[in-house]
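Please look over the structure below before reading on. The briefing that follows is grouped by topic.

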Amino acid sequence: MLHQLGQGGMGVVLAAYDTRLDRRVALKLLRYTRDSVGGNSDRKARQVREAMAMARLSHPNVVAVYDVGPLEDGSLFIAMEYVQGQTLRHWCESTSPSWRAVLDAYLAAGKGLAAAHAAGLVHRDFKPDNVLVDHNGRVRVTDFGLARQSEATTDPALKPPSSEVGIVDEPDASSNPLGLPLTRKGAILGTPAYMAPEQFRDTAVDARSDQFSFAVALWEALYGEFPFEGDTFAVREENVLAARIKSPPPDARVPSWVHHVLLRALNPQPEARYHSLDALLALLARDPAHVRRWWLTATAMLILATCSGLLAYDAWNQQHTHLCTSAPEKLTGIWDNSRQQAIEKAFLATGLPYARDTWEHVRKSLHAYSEAWTGMHRETCEATRIRGEQSEDVMSLRMVCLENRRQDLAALTEVFTDANPTVVEKAISAASALRPLQGCADVEALMAEVKPPEDATTRQEVATARAQLARVKALTEAGRYEDALTLATAVTTSTARLDYKPIQAEALFMQAWTQIISGQNQDVPQMLTEAFVLALASRHDSIRTAAAVRLMGYYSKHGPQEENDRWKHFAEALLDRMGERGELRATFFNNQGLAFYHQGRFAEAHESFDRAFVLAQQTLGPAHATTLRYASNSLAALGNLDRVDESLRALETLVRLGENNLGPGHPFLTQPLMNLANIYALQGRNAEARRLLDRVREIGQQAYRSDSEEWAHFHISYGDLEATEGHEAAALKHYNEAVRRFRELMGPESPYLMQALVSVAEAQTSLEQLSEAQRTFQQVVELAKKDPKKHEHVYTRALVGLADLHDARGQYEKALRLHQQALDLRERNLGPEHINTALIRVNIGSSYLAQGQAARALAIFEKELALFEKMMGVDSPIGVLPLEGKGEALQRLGRATEAIPVLERVLRVVESHPVRPAYRASAQFAMARALWDAGQQPERSLKLAHSAQATFSRAPILYAKALAELDALLKQHAPEATVP
């Protein structure tokens with residue numbers, strides 16, 4: 001043994017001497033730690049995996065492995081080639097090489113890494129610290145401790161490992177250590193600064209993941225900084241997933257062609273990167289300057305042979321050079337200085353306080369898009385005209401796709417030059433809605449698209465129609481719905497005359513989509529169905545699939561359920577056939593979530609919404625309105641599951657997304673901030689809730705008109721906070737202000753107005769203004785009766801409020817009739833298994849209890865238990881509602897000893913969660929009665945009874961019956977405590 005060379009997370013490396021073969025070796029030893037991911041057994045497995053991976057390779061740019069085996073203490077060793085030198089990082093720092101020398105060193109390292117891929121291995125942790133440079137300048141890749149064997153059968157470099165990271169078949173695991181799972185499900189291995197997006201997502205990795213890490217490392221070496229911002233794991237992850245690639249430093253001496261080559265390797269979608277690392281290395285090694293010099297040399301030789309050859313080459317060179325460098329000119333008037341100045345002027349002219357921040361976000365987004373478009377246009381041309389890597393037909397397909405994207409960009413920037421406040425508010429989302437450019441590199445998908453019309457005149461008319469449809473999309477994304485619908489209708493009419501079904505399908509779909517976004521659903525099913533049929537007839541798969549997905553979404557919201565199910569099967573089959581994993585798949589998951597949500601299947605709805613959000617974030621970006629809407633839907637499902645902690649984290653993430661991608665003063669933030677304030681209030685964090693609502697007020701004062709409906713929503717939220725704090729009078733004042741604003745802005749029959757009126761009535765009830773509350777509830781009932789299905793939620797809420805008033809007055813029969821009416825309404829609209837329907841049944845059970853019909857009540861509570869626990873969880877306050885009723889019913893039936901463990905469980909839940917005081921008091925009172933009846937824990941019984949009495953005393957009219965019973969029991973069981 002000589003001396004220690006270094007140490008790291010995977011073990012200690014020592015310099016040693018092999019006496020048998022008379023050579024120095026590097027000896028790596030496993031270090032034992034109990035708190036490491038996966039424990040000692042996983043560490044050993046990785047160590048053996050590293051040895052086997054490296055031993056398979058025999059390549060001048062990979063460190064050789066000589067031997068592997070156990071030591072006396074049970075640890076493992078790897079004997080490998082001893083390299084005298086330094087890491088590639090230290091070499092770059094100590095020698096200050098030129099960009100060309102850096103590139104050559106990385107090309108050598110890349111060859112070693114590519115050799116690993118050819119052997120079916122993926123490194124998973126490529127970085128400059130895992131590359132060695134010896135004293136002779138030879139470069140070697142090492143440290144394959146995170147490598148795993150590819151499962152490829154035909155192309156080992158591209159076949160990803162199983163997406164089930166922690167699951168392998170037993171025979172493979174026992175026969176080959178490389179087949180062992182790398183880590184437990186959910187654990188991330190690798191170095192965050194160099195990790196590919198799929199490693200952050202904890203999904204399957206393959207050779208393209210190494211390609212991404214290689215590009216990050218090379219970028220860092222060439223430019224002295226990483227391509228992605230972020231000093232923390234979370235920030236780096238967010239920027240990598242969002243593909244926020246920085247521009248090279250202005251003083252960089254690296255040629256621009258290197259930057260453009262690396263951009264594709266840094267794409268967040270693996271399928272959009274180069275098909276192999278060899279392809280990337282080939283482009284990096286092919287310096288255009290060298291290519292030009294070679295052609296010049298060849299031309300000089302041709303001069304000696306013939307002048308005509310020179311002239312022919314010169315004409316060819318000028319023609320093709322112009323073809324491959326003309327991309328920037330195609331963006332003149334679309335994204336040049338004059339267009340940017342016009343947009344900036346229009347944005348700032350709105351006077352919105354966040355207009356400047358919005359413009360900066362939009363400018364960066366569109367600049368990156370235009371740069372990527374220019375790069376792909378040039379690369380597409382060079383691949384055919386200069387490098388000869390693709391055919392003219394393929395280039396033509398890609399160029400048509402790029403032209404469509406250019407039209408999208410042109411339409412959007414034109415809309416931006418005439419910006420109003422609505423356009424500015426939606427501008428960042430609209431910019432992120434531009435169709436990704438990666439699709440123009442997917443040759444297989446492009447070849448599957450419909451062929452253009454053969455007639456030249458028709459071709460021109462179709463091109464014109466598609467340019468108009470691009471404007472429709474831009475207008476819709478920017479919030480100018482009226483203009484969008486007018487143009488969409490005109491395009492649908494004009495294309496109906498053309499003998500070309502694909503454009504007819506596109507126009508019908510676009511008109512339907514615009515109506516959906518703008519909330520005008522009239523004739524939408526008919527338009528989408530016709531678009532589907534036309535697309536089917538013309539083999540326009542993308543439109544056919546999109547129409548099926550949107551029809552599924554329409555029926556998930558409007559019914560009937562049978563139609564939703566039918567179109568869901570069509571949509572899923574078409575998506576699977578296309579292999580679509582982007583925006584359309586995200587919409588499918590969202591629509592599936594809507595169907596689950598309306599059925600009361602909130603856990604399944606949340607899972608679907610969350611999958612939609614993740615996909616939308618990957619394909620549309622975190623700033624897009626669709627991404628944020630899917631996140632909000634996921635939150636709504638979580639809220640119904642009563643999973644407060646998860647809702648809190650999700651809301652905080654949504655607020656952070658909004659702040660980072662839209663700016664801290666953007667009006668989008670008002671809704672999630674209000675929702676977050678509501679959760680803080682539920683948790684008793686009232687000061688934090690008030691701080692958030694004050695921030696909402698500040699944003700609103702800058703962003704909204706004084707007569708905006710957003711202020712009405714703000715008053716509802718502030719009223720809820722006041723009610724949570726017990727300030728019912730202040731809450732009622734806010735609710736009344738919301739009522740006034742909704743009535744003025746939206747009319748006397750607005751759904752929002754009715755919801756605000758119910759809040760007013762509930763506050764009046766809490767203030768024991770029972771006559772006023774009854775009149776308000778009755779007003780809502782009369783309004784909702786006009787369209788019971790549309791206003792089902794607010795209708796049943798008002799009926800339940802009226803029933804509670806009758807219960808408080810001892811009018812139990814009237815209360816029961818109202819509860820039954822609400823139940824019938826819920827069952828017709830939501831079905832018997834919906835949790836909101838079940839809540840009405842629990843209310844009916846409580847009415848039976850109040851009437852002394854404990855046995856009848858018990859039957860209801862026991863029947864509802866399974867549904868509540870399944871939907872809301874066994875440890876949630878709502879989930880134990882029927883359990884609380886069961887405990888009270890058992891006590892009323894003289895079965896106190898059975899009631900006690902039931903009520904103990906209820907008390908554990910309600911006392912560990914923020915719940916309404918009356919709910920907690922009811923459980924405390926029931927437990928006190930059960931303990932007294934069983935003759936157990938008299939001191940605890942007394943304490944519980946006094947706590948319940950203190951709560952009920954705050955509303956003596958509402959809880960008169962409970963207070964009277966409490967008083968009698970206290971006199972019976974603790975007479976000395978009740979004597980004045």
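**Disulfide and cysteines**

C401 is buried, at a relative accessible area of 6%. This is a predicted model.

- The structure holds 1 disulfide.
- That disulfide joins C401 to C440, with an S to S distance of 2.0 Å.
- The pair links distant parts of the chain, 39 residues apart. C401 sits in helix α15, while C440 lies in the loop between α16 and α17 (443-448).
- The link of C401 and C440 is left-handed, with -75 degrees about the S-S bond.
- Is C440 buried or exposed? C440 has 0% relative accessibility, so this residue counts as buried.
- C92 is buried too, because its relative accessible area is 17% and the cut-off for buried is under 20%.

**Helix α13**

- Helix α13 spans residues 337-349, 13 residues in total. From first C-alpha to last, α13 reaches 18 Å, close to the 18 Å expected at 1.5 Å a residue.
- Which residues of α13 are buried? They are R339, Q340, I343, A346 and F347.
- An α-helix has 3.6 residues a turn, so residues three or four places apart point the same way.
- On the other side of α13, N337, Q341, K345 and A349 are exposed.
- What do the buried residues of α13 pack against? Their partners are α14 (355-385), α15 (392-416) and α16 (421-432).
- G351 follows α13 and has a positive phi, near 75 degrees.

- Strand β6 (residues 85-87) pairs with strand β8 (residues 131-134) in the antiparallel sense, over 3 bridges.
- Which residue of β8 does G85 stand opposite? G85 faces D134.
- β8 also pairs with strand β9 (residues 139-141), again in the antiparallel sense and over 3 bridges.
- In that pairing, V131 stands opposite V141 of β9.
- β8 and β9 form a hairpin, with 4 residues between the two strands.
- G137 lies in the turn of this hairpin and has a positive phi of about 90 degrees.

Technical notes: Residues are numbered from 1 along each chain as its sequence is written. This is a predicted model: local features need pLDDT of at least 70, side-chain atom pairs count only at pLDDT 80 or more; totals for chains, interfaces and linings use all residues. Side-chain values use heavy atoms; hydrogens and water are left out. The expected span of a helix is 1.5 Å times one less than its number of residues. Buried means under 20% relative accessible area, exposed over 50%, partly exposed in between (1.4 Å probe, protein chains only). Contact means heavy atoms within 4.5 Å. A disulfide is a pair of cysteine sulfur atoms within 2.5 Å. Two strands pair if DSSP finds at least two bridges between them.
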